Amino acid sequence: MSDLVQSVPHAGTAAGGPLLPSPRGPLSAAIVRALREDRPLDGVDVAGVDPWGDDLQVALTVCQELHYRGWRDVDAAREWDPGMVAARVALEDRFLAAVDEACFEPGASVAEELTMLLRAGGGDGVAGHLESAGSHREFADYFAARSIYHLKEGDPHAWVIPRLPAAAKAPFVAVEFDEFGGGHPARVHQELYARLLTDFGLAPGYLAYLDAAPAVVLAPVTLMTALGLRRARRGAVVGHFAATEITSSPGSARMLAGLRRLGAPESVCFFYREHVEADAVHEIVVRDDVIGGLLAAEPGLEVDVVAGIRAFLLVEDRLEAAFLAAWKAGETLMGPSVPPA
């Protein structure tokens, strides 16, 4: 193991988990208040609420996080509080209905979808911009926003493992083994990202940037969690996982080139260098063995796998558009939380 990897500290969090975020509307206010005051939640009304808006996405993040590290000073038993579970399900149903409307298409082929995915990823997106022209502040904006996901990287997809047949489970776990450091705590990708944040002058704490993150930043994480927590969505999780791994290596190569252009320290570059090397192999395993193993055992899930690939692209395309619009306007997506260079 290299000296660099050995030096990566454990990315700890405050005892009991992160702080509850500030509400951004009546839904999130009711849920945060019920947890903060340790009282029952009487139910939430999601009718007419924007599934892509700040209020729903923050409310959903709060409910889902009870299944991860929890919230500081919130009783761990609230994870299975009937009111909180009902609220999470209602919020997820509202969000997933909007995603399904855009992503489900009867008769879609996994082979065709993977071919299009492999052809995608040109240099006109966020990674391409950061590679050729990204400033230190734009990189910092991107890093802060993506910390919402990368500091739990590997975790949302892991919910599906006990729900897979052996032919898909074995290769799926092999890929996740790399995400979790191959048995070495210092190599866990979450830990590598915490070091990247620290060495780029950003806060490395788990969900440290939650209050600054707009809904478009939260949606990729709430989506994969909503899929992962539901056995009925196991095919979509596999599709989402495949899309994540297949697009990771070329995107990471562009990020790495941009960081080297800026003269970023190796400890920052290392996170993306690790993904360039590992995910190039993961692409083949996920495509041939994970998807192949799942569909050999459960061929009826093909449409769900396709939907998972498209769902990944839907939320990622929305996020990329938001980044590029903010940068074109001379602003940052994460606002004043991103320090100047």
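Trainee: What is the volume of the largest pocket?
Mentor: This is a predicted model, in which local features need pLDDT of at least 70 and side-chain atom pairs count only at pLDDT 80 or more, while totals for chains, interfaces and linings use all residues. Residues are numbered from 1 along each chain as its sequence is written, and side-chain values use heavy atoms, with hydrogens and water left out. On a 1 Å grid over the protein atoms alone, a pocket is an open set of points with protein on both sides within 12 Å along at least five of seven lines, and a volume is the space filled by probe spheres set on the points, which are joined across faces, edges and corners. For the largest pocket, this volume is about 850 Å³.

Trainee: How many residues in the lining of the largest pocket are nonpolar?
Mentor: Ala, Val, Leu, Ile, Met, Phe, Trp, Tyr, Cys and Pro count as nonpolar, Asp, Glu, Lys and Arg as charged, and the others, Gly among them, as polar. By these classes the lining has eleven polar and eleven charged residues, and its nonpolar residues number 18.

Trainee: Is Arg146 buried or exposed?
Mentor: Arg146 is found in helix α7, and leaving aside residues up to four places away in sequence, Arg146 touches (heavy atoms within 4.5 Å) Tyr193, Pro220, Glu316 and Leu319. A residue is called buried under 20% relative accessible area, exposed over 50% and partly exposed in between, with a 1.4 Å probe and protein chains only. Because its relative accessible area is 10%, Arg146 is buried.

Trainee: Within what arc do the buried residues of α9 fall?
Mentor: The buried residues of α9 are Ala168, Pro171, Phe172, Val175, Glu176 and Glu179. Seen down the helix axis, they line one face of α9, because their arc (that of the directions from the helix axis to the C-beta atoms) is within 140°.

Trainee: How many of the eleven residues of helix α10 are buried?
Mentor: His189, Tyr193 and Arg195 are among the buried residues of α10, and Gly201, whose phi is positive, near 80°, follows the helix. Helix α10 (residues 189-199) is largely enclosed by the rest of the structure, because its buried residues number nine.

Trainee: Which helix supplies the largest share of the lining of the largest cavity?
Mentor: A cavity is a set of points where a 1.4 Å probe fits but cannot get out, and there are four cavities of 30 Å³ or more. About 70 Å³ of space lies in the largest cavity, whose lining residues include Thr61, Tyr68, Leu218 and Thr225. While α3 (54-65) and α11 each supply at least two lining residues, the largest share, four residues, comes from α11.

Trainee: How many nonpolar residues does the lining of the second largest cavity have?
Mentor: The second largest cavity holds about 50 Å³ of space, and the largest share of its lining, four residues, comes from α4. One polar and two charged residues belong to this lining, and its nonpolar residues number nine.
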